[in-house]
Amino acid sequence: MSLKNKLDILLADPFTMESTNLKVFNSRPKKMSGSAIVFCRNGSAEVSMDVLNFKIKSGDLSILLPNSIFAVNEISGDAEFTFFHLSDTLFSESVFNIPSEFFRFVKEHPVIHLDKDNIEFMNTWIQLLSMMGTN
């Protein structure tokens, strides 16, 4: 299956979780349909989000809002990410009560480094979703 087809399938479902090295986004800017959460489990990547460059490293979480332009410019050889995608509909239904200041903050700070407890929480959450057959 080509990388383009895999990306189209990944973005088609209301909620998907995929373990990935993000190569599907390598040097190909993609306008996000829906939103995404990218959790770096190992390694690092240099990424562009809405034409701003950021580094995502192990223990970082990144939130991509709908219509964000996302591209991976460089990936370390040991990079491992979990990519969560929410469709436009699911995202809209999930955030209708969240104040607009939150979205402004996310736009200005799309990469957040998690502390040890939150990294452990994310890893546990990923394991639980995997057992439920979400990916």
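Helices (H or I, at least four residues) and strands (E, at least two) are DSSP runs, numbered from the N terminus. The structure here is a predicted model, so local features need pLDDT of at least 70 and side-chain atom pairs count only at pLDDT 80 or more, while totals for chains, interfaces and linings use all residues. Residues are numbered from 1 along each chain as its sequence is written, and side-chain values use heavy atoms, with hydrogens and water left out.

Start with the pocket. On a 1 Å grid over the protein atoms alone, a pocket is an open set of points with protein on both sides within 12 Å along at least five of seven lines, and a lining residue has an atom within 4 Å of a point. The largest pocket holds about 210 Å³ of space, a volume being the space filled by probe spheres set on the points. Helix α2 (88-95) is among the elements that supply at least two lining residues each, along with β3 (35-42) and α3 (100-108). The top contributor is α2, with three residues. Among the lining residues are Ser35, Ile37, Phe91, Ser94 and Phe103. By type, the lining comes out as eight nonpolar, two polar and no charged (Ala, Val, Leu, Ile, Met, Phe, Trp, Tyr, Cys and Pro count as nonpolar, Asp, Glu, Lys and Arg as charged, and the others, Gly among them, as polar).

Next comes a sheet. Four strands form an open, antiparallel sheet in the order β2-β7-β4-β5, where two strands pair if DSSP finds at least two bridges between them. Strands β2 (30-31) and β5 (52-57) sit at the edges with a single partner strand each, so one side of each has no neighbour in the sheet. Five antiparallel bridges link β4 (residues 44-49) to β7 (residues 69-75); alanine 45 partners isoleucine 75, and valine 47 partners valine 72. On the β2 side, two bridges join β2 to β7, and lysine 30 stands opposite phenylalanine 70.

Finally, the rings. Six aromatic pairs turn up across the whole structure (rings of Phe, Tyr and Trp, its six-membered ring, with centres within 6.5 Å; planes under 30 degrees apart are stacked, over 60 edge-to-face, the rest tilted). Phenylalanine 25 and phenylalanine 70 have ring centres 5.0 Å apart and planes at 80°, so this pair is edge-to-face. Phenylalanine 25 lies in the loop between β1 (15-20) and β2 and phenylalanine 70 in β7, so the pair ties together parts 45 residues apart in sequence. Phenylalanine 25 is buried at 1% relative accessibility, and phenylalanine 70 is buried at 0% (buried means under 20% relative accessible area, with a 1.4 Å probe and protein chains only). Elsewhere, ring pairs link Phe15, Phe84 and Trp125 into a cluster.

Note on methods: Buried means under 20% relative accessible area, exposed over 50%, partly exposed in between (1.4 Å probe, protein chains only). On a 1 Å grid over the protein atoms alone, a cavity is a set of points where a 1.4 Å probe fits but cannot get out, and a pocket is an open set with protein on both sides within 12 Å along at least five of seven lines; lining residues have an atom within 4 Å of a point.
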